[in-house]
Amino acid sequence: DPNGLNWIKIGDTEKGGRYITSTRERIRKEGLKKTRRVFPGDFLLTNSMSFGRPYISKIEGCIHDGWVRIHPPNEIDAGFLYYLLSSGYVFSFFTKAAAGAVVQNLNAEKVRQLPIPLPPLAEQKRIVAKVDALMAQCDRLEAQLRERDTRQAELARAALARFSEAPTPENLDLLFHDSFTLTPADLRKTILTLAVQGKLVSQDPKDEPAEKLVERLGPLREAAKAKNYEEVSLAKAPYNIPKSWKWVRLGNICLSSDSGWSPQCRPEQRTGSEWGVLKVSAVSWGSFNPEQNKALPVGKEPRPACEVKPGDFLLSRANTEELVARSVVVAKTPPRLMMSDKIVRFTFPDNIDRDYINLANSSEWSRTHYAKNSSGTSSSMKNVGRGVMCALPIPLPPLAEQRRIVAKVDQLMALVDEWEVRLEQSRASATRLLDALVAELTNYES
């Protein structure tokens, strides 16, 4: 009703704001209960969703039952009541008082029961003035931090570009000191990208080109009866690689691939020398974790062909969008652990470094390939078929360079791990300093 009262909805509030100044809809006055009316100076509390959030109305209007209205007396300063209702103490009270199994709600009776510390009116005003001054300082500090973060982001981009041109441990160390805006995850992603683009180590003209390496794989693959996949067209290659490298399909450099077995297992982990079946989580987090297994039931015959061995290259074929087709190389493993049918194993000849294939499979390009070709409507469970894995384009360097790249990646990743520890220590120190400052402020007596 364009001639009616303002109809105040939660969507009319400003995120992080204090006041309600306008609405987008109006409602006719007839039939409204008095308790639904709102007047300038009234407080409105959200009573569902993000319940207990206070707003001060600057307009006359009416509300639905998604609000609780508070009409404060003149003896309570509006600013003092706003800060009080915004405090952690009040939020804790409302959290405990809220009811509802799915969506929690506050009701007016619970709000009435809120105990509040009430100083004299003159002191309320002094408190508000002091808090306003401190909040203004916080706003200025926040603006300075935003400005600092902007400058640091620019420095970080420049430092990352410098590292990309010359990815040495020295430049990586400079990168750590240049900016706190880069995360360890950013750096690990960059290192992997440089590794599979041929920019991490220098090429050696004495290395046998990858073309010759692939040619020698032919008889081995023929003896293993390995299926051939369409070669990667250079015109459609994802990016340029050094001349001594070659784009290949994962399925064209492996000798075989197989998956495991998923019988109905006992829920607990196997003990002693029992047979166990590996869960997907055993191969999802960058390193092989044999503890992630379920015990084979008594009386169920194991399948030794599915047993995992040192040197196996394993991928998960079903997992979340982020983790599906993640891979590991098994360095060592206890005996009698079998792959489940959600784990795929690839075998390679000796002139293919499994650790290099593992980091190539972890690169951003590989993640894009799997994201485009996975099935499943939910991001919480995606599936990648063995054919999609075999079709993965791999930038293959000469064998000697594969090994140099793996060694360099290990060296740089160790530096990132050290920096991540230092970063966490620095953040912990900053948190302790902030806690001390807050304690000093809360203990202050004027």
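**The surroundings of Phe348**

Reply: In this predicted model, Phe348 is in contact with Leu250, Ile253, Cys254, Leu255, Phe313, Arg354 and Ile357, when its neighbours within four places in sequence are left aside. Phe348 belongs to the largest nonpolar core, which has 52 residues. Phe348 is also listed among the residues with the most contacts inside that core, together with Phe346, Tyr356, Ile357 and Leu359. A second, separate core has 21 residues, including Ile56, Tyr83, Ala97 and Leu114. In soluble globular proteins, nonpolar side chains tend to be buried together.

The structure holds 16 salt bridges. In one of them, the side chains of Arg188 and Asp417 meet, with a distance of 2.8 Å from N to O. Arg188 has a relative accessibility of 23%, so it counts as partly exposed. Asp417 is likewise partly exposed, because its relative accessible area is 39%.

Another salt bridge joins the side chains of Asp207 and Arg404, also at 2.8 Å from N to O. Here too, distant parts of the chain are linked: Asp207 is in the loop between H6 and helix H7 (210-223), whereas Arg404 is in helix H12, 197 residues away. The two partners fall into separate classes of accessibility. Asp207, with a relative accessible area of 13%, is buried, because buried means under 20%. Arg404, at 28%, is partly exposed.

A further salt bridge is formed by Arg216 and Glu208, whose closest N and O atoms are 2.5 Å apart. Arg216 is partly exposed at 43% relative accessibility, and Glu208 is partly exposed with a relative accessible area of 36%. Finally, salt bridges that share partners join Arg188, Asp417 and Glu420 into one network. Side chains of opposite charge can pair when their charged atoms come close.

Key. Residues numbered from 1 in each chain as written. Predicted model: local features only at pLDDT ≥ 70, side-chain atom pairs only at ≥ 80, totals over all residues. Heavy atoms only, no water. Core = buried A, V, L, I, M, F, W, Y, C linked by side-chain atoms within 4.5 Å. Buried < 20%, exposed > 50% of the residue type's maximum accessible area, 1.4 Å probe, protein only. Contact = heavy atoms within 4.5 Å. Salt bridge = Lys/Arg side-chain N within 4 Å of Asp/Glu carboxyl O. Helix = DSSP H or I, 4+ residues; strand = E, 2+ residues; numbered from the N terminus.
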